[in-house]
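Colleague: I would like to learn how to read a protein model step by step, beginning with the strands and ending with the charged side chains. Could we take one feature at a time, with the general idea first and the case at hand after it?

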Amino acid sequence: MRKTCEVVAPGCTVRLMGETDSSGRRNGATVAGILTENTMADSKNTVEVTDDSFAGTVEKAPGLVLVDFWAEWCGPCKRLGPTIDALAAEYGDKVTVGKLNVDDNPNTAMKFQIRGIPAVMLFKGGQIVDAVVGLQPKDAFKQAIDKHL
């Protein structure tokens, strides 16, 4: 008999599928997929950045802007998400924090030659002033932000 079991944790649902024998004992299980309940851009302290909104949100912004280039399928991007959200909460009005999904917004990703994600870029006056690529500790992002405030 085929059964499906869902394990729900904050931010994700893991669905396991496996076979059970006639007594109901599990006879192996495989991970069928990880389904996110919220997208990475669903933070109250961050803004969603798109190809259409990039100029207004980032290039014409008066202060420092951090943009997290990410994708839904990217495991390291998902692990970085809470760090980006924490930075947005910590820096508040000092830094605008945006998230740009590279799959949904390929033009901006191509414009900045994003070849690997997660990639976080800092902009000031519409220009790139710093970048941090890959899954890095929170302190690496704080150092980059602090040097441009």
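Modeller: Let us begin with a definition: two strands are said to pair if DSSP finds at least two bridges between them. Please keep in mind that this is a predicted model. Here 7 bridges join β5 to β6, and these two strands run parallel.

Colleague: Which residue is the bridge partner of leucine 66 in β6?

Modeller: Leucine 66 has valine 97 as its bridge partner in β6. Strand β4, residues 47-48, also pairs with β6 in the parallel sense, over 2 bridges, and there glutamate 48 stands opposite lysine 99.

Colleague: How many of the residues of β6 are buried?

Modeller: A residue counts as buried when its relative accessible area is under 20%. By that cut-off 6 of the 7 residues of β6 are buried, so that the strand is mostly covered. For the protein chain as a whole, 36% of the 149 residues count as buried.

Colleague: What kind of unit do β5, α2 and β6 make?

Modeller: They make a right-handed β-α-β unit. To place that unit in the chain, read the elements from the N terminus on, which run β-β-β-β-α-β-α-β-α-β-β-α, with 4 helices and 8 strands in the protein chain.

Colleague: Now to the helices: how should I read the sides of one?

Modeller: The general idea is that an α-helix has 3.6 residues a turn, so residues three or four places apart point the same way. In helix α4, residues 138-146, the buried residues are Phe141, Ala144 and Ile145. They cover an arc of only 100 degrees around the axis, which puts them on the same side of α4.

Colleague: Which exposed residues does the face turned away from the buried side of α4 carry, and what do the buried residues of α4 pack against?

Modeller: The face turned away carries the exposed residues Asp139 and Gln143, whereas the buried residues of α4 pack against β5 (64-70), α2 (75-91), β6 (95-101), β7 and β8.

Colleague: How do I read charged side chains?

Modeller: In general, side chains of opposite charge can pair when their charged atoms come close. With a cut-off of 4 Å between the side-chain nitrogen of Lys or Arg and a carboxyl oxygen of Asp or Glu, the count comes to 6 salt bridges. One of them joins the side chains of glutamate 59 and lysine 111, at 2.7 Å from N to O. Glutamate 59 lies in helix α1 (residues 54-59) and lysine 111 in helix α3, so this pair ties together parts that are 52 residues apart in sequence.

Colleague: Are the two members of that pair buried or exposed?

Modeller: Glutamate 59 counts as partly exposed, at 26% relative accessibility, while lysine 111 counts as exposed, at 51%.

Definitions and conventions
Residues numbered from 1 in each chain as written. Predicted model: local features only at pLDDT ≥ 70, side-chain atom pairs only at ≥ 80, totals over all residues. Heavy atoms only, no water. Buried < 20%, exposed > 50% of the residue type's maximum accessible area, 1.4 Å probe, protein only. Arc of directions from axis to C-beta. Contact = heavy atoms within 4.5 Å. Right-handed = clockwise from strand over helix to strand, strands pointing away.
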